[in-house]
Amino acid sequence: MNDTFVPFDATLPDGRSVHLRAISPSDESELLQTFARMSPDARYMRFMRTVSEPNVERLRKALATIPEHGIGIVATVPAADGIDIVGTCIAMIGNDPSRCEFAITVAADHGRTGLGRVLMTALIDAARRRGLHEMEGFVLAANQPMLRLAASLGFTISNDPDDFSVRLCRLHLEAS
């Protein structure tokens with residue numbers, strides 16, 4: 001199944017522009033640079049555990065499965081070496097083809113600029129176009145900015161019954 005994401009430029013509330021497009025296997029080196037620029041705290045919030053080195057094999061497998069088994073979007077800005085990826089969001093489809101699990105990362109220098117909302121809105125729209133019925137994500141209870149964003153986008157938030165430090169965010173994807 002093809003990812004029907006159409007690239008676009010977005011202007012953030014602070015005036016900066018980003019380019020959103022579908023993720024591709026050729027983004028591997030830029031994604032590794034993005035990981036290297038993340039603070040230990042940001043890595044912990046994203047991966048929900050201490051991660052000091054990227055899992056390159058897992059990254060390659062994920063990139064290889066998109067778009068067949070997921071949706072991936074990157075936000076880029078011009079950089080001396082071409083581009084920098086300043087945000088990513090993915091929705092991976094598991095055993096139930098009507099549901100997906102999301103994950104999002106925003107670079108520290110683009111945090112609190114509205115980029116997370118732009119990325120999540122684009123991901124939700126792409127998931128709806130794909131015909132998915134539900135999106136869910138696991139978010140650390142300490143990650144209040146992400147929980148506020150999810151709530152403002154219409155996600156229901158509940159405690160993870162298996163881990164008190166995690167919240168389960170779910171969104172029913174009604175056709176729009």
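Strands β7 and β8 (residues 163-172) run antiparallel and are joined by 5 bridges. Helices (H or I, at least four residues) and strands (E, at least two) are DSSP runs, numbered from the N terminus. Two strands pair if DSSP finds at least two bridges between them. The model is predicted: local features need pLDDT of at least 70, side-chain atom pairs count only at pLDDT 80 or more, and totals for chains, interfaces and linings use all residues. Residues are numbered from 1 along each chain as its sequence is written, and side-chain values use heavy atoms, with hydrogens and water left out.

A hairpin of 2 residues connects β7 to β8. Serine 158 has leucine 168 in β8 as its bridge partner. Threonine 156 lies opposite arginine 170 in β8.

Both strands belong to an open sheet of 8 strands. The order is β1-β2-β3-β4-β5-β6-β8-β7, and the pairing is mixed. β1 (8-11) and β7 (156-160) are the edge strands; each has a single partner strand, so one side of each is left without a neighbour in the sheet. On average, neighbouring strands of this sheet are turned by 30° against each other, direction ignored. In a regular strand, side chains alternate between the two faces of the sheet.

Two helices also meet. The axes of α4 (residues 115-130) and α5 (residues 144-152) come within 11 Å and cross at roughly 45°. That makes α4 oblique to α5. Axes are lines fitted to C-alpha atoms, for helices over the stretch in contact, and angles run from 0 to 180 degrees between N-to-C directions. Angles under 35 degrees count as roughly parallel, over 145 as roughly antiparallel, 65 to 115 as roughly perpendicular, and the rest as oblique. The crossing of α4 with α5 is right-handed, meaning that the near helix is turned clockwise from the far one by less than a right angle.

In α4, Gly116, Arg117 and Met120 make contact (heavy atoms within 4.5 Å) with Met146, Leu149 and Ser152 in α5. The residues of this contact comprise 3 nonpolar, 2 polar and 1 charged. Here Met and Leu count as nonpolar, Arg as charged, and Gly as polar.

The whole structure holds 10 salt bridges. A salt bridge is a side-chain nitrogen of Lys or Arg within 4 Å of a carboxyl oxygen of Asp or Glu. One of them joins arginine 60 to glutamate 28, at 2.9 Å from N to O. This pair links distant parts of the chain, 32 residues apart: arginine 60 is in helix α3 (residues 56-65) and glutamate 28 in helix α1 (residues 28-37).
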